[in-house]
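The following paragraphs lead the reader through a single protein chain. Please keep the sequence and the structure in view while reading.

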Amino acid sequence: MAQPAAVLFDMDGTLVDSEKLWTIALDDYAAHRGGRLSQAVREEMVGSNMTRSMRLLLVDLGLPDGNSDIATAASWVARRMTELFGEGLPWRPGAQEALRRAKELGLRTALVTSTIRPLTDLALDTLGHESFDVTVCGDEVDGKNKPDPEPYLKAARLLGVDPADCVAVEDSPTGVASAEAAGCVVLAVPCEVPLEEGPRRTLRDSLAEVDFAELGELFTRAA
Ligand SMILES: [Mg+2]
């Protein structure tokens with residue numbers, strides 16, 4: 001049975017329960033501007049990058065969404081997220097063990113996140129900088145953020161592997177779309193937003209259930 005060439009992990013909602021922290025920061029920003037973020041728009045942001053999320057947020061609040069408005073909102077939210085990340089990042093169930101098992105099996109690993117580098121580096125203090133062979137952040141893909149395939153393609157390029165030989169671990173529809181467009185097989189573990197089964201994806205309730213030996217079967221099924 002073929003082992004994957006690498007396991008490519010999303011961060012927010014997949015390895016750490018940070019989507020709830022993003023919700024706090026976004027709600028705080030909305031309150032700061034005298035408004036309230038709608039649930040539907042919040043769900044649309046899950047798995048998105050900062051620029052797209054800020055545009056959605058400002059439009060939802062009925063505020064101007066020019067480039068400078070977006071930049072100002074992004075730096076406010078990033079500052080609030082830095083405080084929240086600094087208070088400690090909760091792991092998603094089984095995520096810590098999954099990272100450890102991947103290493104024990106000698107699998108190459110990447111972190112592929114829509115979150116910007118400064119916040120990701122803070123999160124890596126919890127995740128372990130040594131947990132990943134490469135890391136790709138939301139501000140390192142020339143604006144081609146998830147659901148564009150580029151973040152996963154870039155991680156595969158940096159690892160020197162074929163994306164079709166990789167398993168991506170994702171929690172959001174946006175992230176799953178990105179990984180599948182890159183040609184990866186997907187292990188989908190929904191967090192805030194429900195996900196459906198698909199021809200190149202396997203759905204799990206939690207990373208705690210995941211046996212990495214099963215990943216080979218994903219390729220057999222996808223072939
Ligand atoms: Mg995610």
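**Helix 7 and its surroundings**

Within helix 7, which spans residues 150-159, the residues P151, Y152, L153, K154, A155 and A156 are buried. The model discussed here is a predicted one. The packing partners of those buried residues are strand 1 (6-9), strand 2 (108-112), strand 3 (134-136), strand 4 (166-170) and helix 8. Directly after helix 7 comes G160, which has a positive phi, near 70°.

The chain as a whole may be considered next. Its domain assignment gives domain 1, made of 6-17 + 90-222, and domain 2, made of 19-86. Taken over C-alpha atoms, the centres of domain 1 and domain 2 are separated by 24 Å. Domain 1 contributes 18 residues to the contact, and domain 2 contributes 15 residues. On the side of domain 1 that touches domain 2, the elements giving two or more residues are helix 6 (117-127) and helix 8 (173-181). Sorted by class, that side of domain 1 holds seven nonpolar, seven polar and four charged residues.

Helix 4 takes part in several helix pairs, and the pair with helix 6 may be taken up here. Helix 4 and helix 6 pack with their axes 10 Å apart and at an angle of about 5°. Helix 4 is therefore roughly parallel to helix 6, since angles under 35 degrees count as such. From helix 4, the residues A78, M81, T82, F85 and G86 meet L119, L122 and A123 of helix 6. This contact of helix 4 with helix 6 has six nonpolar, two polar and no charged residues.

Helix 1 (residues 19-32) packs on helix 4 (residues 67-86) at an angle of about 135°, and their axes are 9 Å apart. Because of this angle, helix 1 is oblique to helix 4. The crossing of these two helices, helix 1 and helix 4, is right-handed. On the helix 1 side, L21, W22, I24, A25, L26, D28 and Y29 take part, and they meet A73, W76, V77, R80, M81, L84 and F85 in helix 4. The classes represented in the contact of helix 1 with helix 4 are 12 nonpolar, no polar and two charged residues.

Is K20 buried or partly exposed? K20 counts as partly exposed because it has 14 C-beta neighbours inside 10 Å, whereas a buried residue would need 20 or more. Between K20 and L63 there are 43 residues in sequence and 24 Å in space, C-alpha to C-alpha.

The remaining pair is that of helix 3 and helix 4. The axes of helix 3, residues 50-60, and helix 4 cross at roughly 105° and come within 9 Å. The consequence of that angle is that helix 3 is roughly perpendicular to helix 4. M50, T51, M54, R55, L57 and L58 of helix 3 meet D69, I70, A73, A74 and V77 of helix 4. Eight nonpolar, one polar and two charged residues make up the contact of helix 3 with helix 4.

Conventions: Residues are numbered from 1 along each chain as its sequence is written. This is a predicted model: local features need pLDDT of at least 70, side-chain atom pairs count only at pLDDT 80 or more; totals for chains, interfaces and linings use all residues. Axes are lines fitted to C-alpha atoms, for helices over the stretch in contact, and angles run from 0 to 180 degrees between N-to-C directions. Helices (H or I, at least four residues) and strands (E, at least two) are DSSP runs, numbered from the N terminus. Angles under 35 degrees count as roughly parallel, over 145 as roughly antiparallel, 65 to 115 as roughly perpendicular and the rest as oblique. A crossing is left-handed if the near helix is turned anticlockwise from the far one by less than a right angle, and right-handed if clockwise. Two residues are in contact if their C-beta atoms, placed from the backbone, lie within 7 Å. Ala, Val, Leu, Ile, Met, Phe, Trp, Tyr, Cys and Pro count as nonpolar, Asp, Glu, Lys and Arg as charged, and the others, Gly among them, as polar. Domain bounds come from an automatic or database domain assignment. A residue is buried if 20 or more other C-beta atoms lie within 10 Å of its own, exposed if 12 or fewer, and partly exposed in between; C-beta atoms are placed from the backbone.
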